[in-house]
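Here are my notes on this model, for a colleague who has not seen it before. Please keep the structure open while reading.

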Amino acid sequence: MTSIDTRTLRPIDDVLEEELVALQAAGLKRSMRAVQQRRAGTVILNGERIADFASNDYLGLAADHRVARAASAVLQAEGTGAGAARLISGNHPIHDALERELARFKGVDSTLLFPSGYMANIGVIPALMSPGDVIYSDQLNHASLVDGCRLSKATVRIFPHGDVDALQSMLVQDAGSYRRALIIVEGVFSMDGDLFPLDRLVEVAERFGAWTYVDDAHGTGVLGPTGAGTLEHFGVTARVDIVVGTLGKAFGTAGAFVGGSQVLIEFLTSRARSFIFTTSTPPAIAAATLEALRLSRVEPWRRTAVLDRARQLRERLRRGGHEVPGASDGHILPIRVGDPMRTMSLVADMRRRGFLIGGVRPPTVPAGTSRLRVSVSALHPPELVDALAASLLAAMR
Ligand SMILES: Cc1ncc(COP(=O)(O)O)c(C=O)c1O
């Protein structure tokens with residue numbers, strides 16, 4: 001029997017202090033800043049109103065007064081908390097109504113709400129996959145997808161980012177070796193802004209009988225003729241088995257949903273642990289999301305504006321000699337820096353110039369690929385985008 005050697009045990013704070021010093025030295029220590037009063041593509045930071053190019057509030061709905069009013073009406077009538085998990089006593093009719101609307105919007109049979117996108121991914125993947133199964137996961141998949149794969153204890157095979165040929169070779173190699181096969185990708189990659197070629201993905205998956213899982217956290221509400229997302233953009237909605245969308249990004253509220261067939265949703269209701277064992281989304285937030293969803297449909301200018309501004313920023317940077325990779329007109333623009341310290345010093349410089357920009361470092365992205373992550377919103381006026389481009393080019397010079 002092994003036992004703990006009490007002579008080598010050190011107090012927790014001493015151990016963690018040492019690790020924090022090492023993180024600081026590597027430029028990887030993280031800290032939060034207090035951001036207030038999101039309004040019209042700006043926020044207040046340290047008492048100063050600055051332009052916000054760091055959020056995922058792509059459609060500018062997070063501070064919309066109509067969305068807030070919808071939440072407020074339900075808050076007044078119902079109070080704050082749902083009180084319990086959905087399967088106990090926390091299921092409000094507004095949760096059902098939102099799930100029906102999301103299904104209609106996404107073009108799927110049915111959906112199931114989760115408190116967050118992270119929880120959706122760590123609940124759904126292990127519900128479907130277990131030892132003896134294989135998951136093919138894109139190299140740049142989000143941490144929540146990686147963690148969902150780990151929790152499943154299935155065999156996980158990582159394929160090079162966006163490389164359908166490499167994926168196909170793995171499927172050929174593995175033929176007959178596993179019980180179930182699931183391919184997991186993001187629709188729009190959160191830190192790179194590029195789209196997975198879903199048209200090619202479904203062809204390969206269908207040929208090999210693999211199931212498909214698309215996390216469309218960043219495409220939902222923005223891409224496709226009706227804003228339904230990356231599946232609609234590629235015309236493959238009916239050919240993808242499982243789709244995840246988040247509500248805290250384009251819709252400006254909080255939570256997430258999984259969409260697919262009636263059977264899939266019925267199964268997840270009984271088997272997804274992060275759905276079963278958690279208090280449900282507050283009804284007021286579900287009401288806010290319903291209103292945000294309605295607004296995203298009746299105000300399509302928001303989708304057009306966000307993609308126009310992104311195109312404009314890309315073009316201005318290109319003219320200034322800085323080519324931005326990623327989707328040619330996607331709304332997330334990665335600006336590769338490399339070194340984490342330099343990345344964060346550029347973030348600080350941009351803040352002094354009046355712009356809040358995301359600085360992304362490992363482990364969010366692979367080592368050596370630290371970057372600025374610029375995301376545009378429908379509420380950013382064109383002049384502000386021009387000013388941002390000029391400041392970015394000056395800061396990087
Ligand atoms: C691709 C992807 N999936 C899931 C999530 C998690 O979503 P949420 O913020 O709702 O937990 C994110 C958000 O960062 C994401 O980018």
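1. The centres of domain 1 and domain 2, taken over C-alpha atoms, lie 26 Å apart. Domain 1 covers 27–56 + 300–396, and domain 2 covers 65–298. These bounds come from an automatic or database domain assignment. The model is predicted: local features need pLDDT of at least 70, side-chain atom pairs count only at pLDDT 80 or more, and totals for chains, interfaces and linings use all residues. Residues are numbered from 1 along each chain as its sequence is written.

2. How many residues meet between the domains? 15 residues of domain 1 are in contact with 11 residues of domain 2. Contact means that the C-beta atoms of two residues, placed from the backbone, lie within 7 Å. On the domain 1 side, α12 and β11 each supply at least two residues. Helices (H or I, at least four residues) and strands (E, at least two) are DSSP runs, numbered from the N terminus. By class, that side of domain 1 has 7 nonpolar, 5 polar and 3 charged residues. Ala, Val, Leu, Ile, Met, Phe, Trp, Tyr, Cys and Pro count as nonpolar, Asp, Glu, Lys and Arg as charged, and the others, Gly among them, as polar.

3. Look next at G326. G326 sits in the loop between α12 (301–319) and β11 (332–338). Is G326 buried or exposed? G326 is buried, because 20 other C-beta atoms lie within 10 Å. Buried means 20 or more such atoms within 10 Å of the residue's own C-beta, exposed 12 or fewer, and partly exposed in between, with C-beta atoms placed from the backbone. Leaving aside neighbours within four places in sequence, G326 is in contact with D192, G193, D194, I332, L333 and P334.

4. Helix α14 (residues 382–396) has 15 residues. Its buried residues are L384, V385, L388, A389 and L392. They cover an arc of only 140° around the axis, so they fall on the same side of α14. The arc is that of the directions from the helix axis to the C-beta atoms. E383 and A394, on the other side, are exposed. The cover over the buried residues includes β3 (48–53), α12 and β12 (355–360).

5. Last, the ligand. There are 14 residues around it, and S116, G117, Y118, S190 and A217 come nearest. A residue is near a molecule if its C-beta atom, placed from the backbone, lies within 6 Å of it. Helix α4 (residues 117–128) gives the most to this shell, with 3 residues. By class, the shell has 3 nonpolar, 9 polar and 2 charged residues.

Technical notes. Expected span 1.5 Å × (residues − 1).
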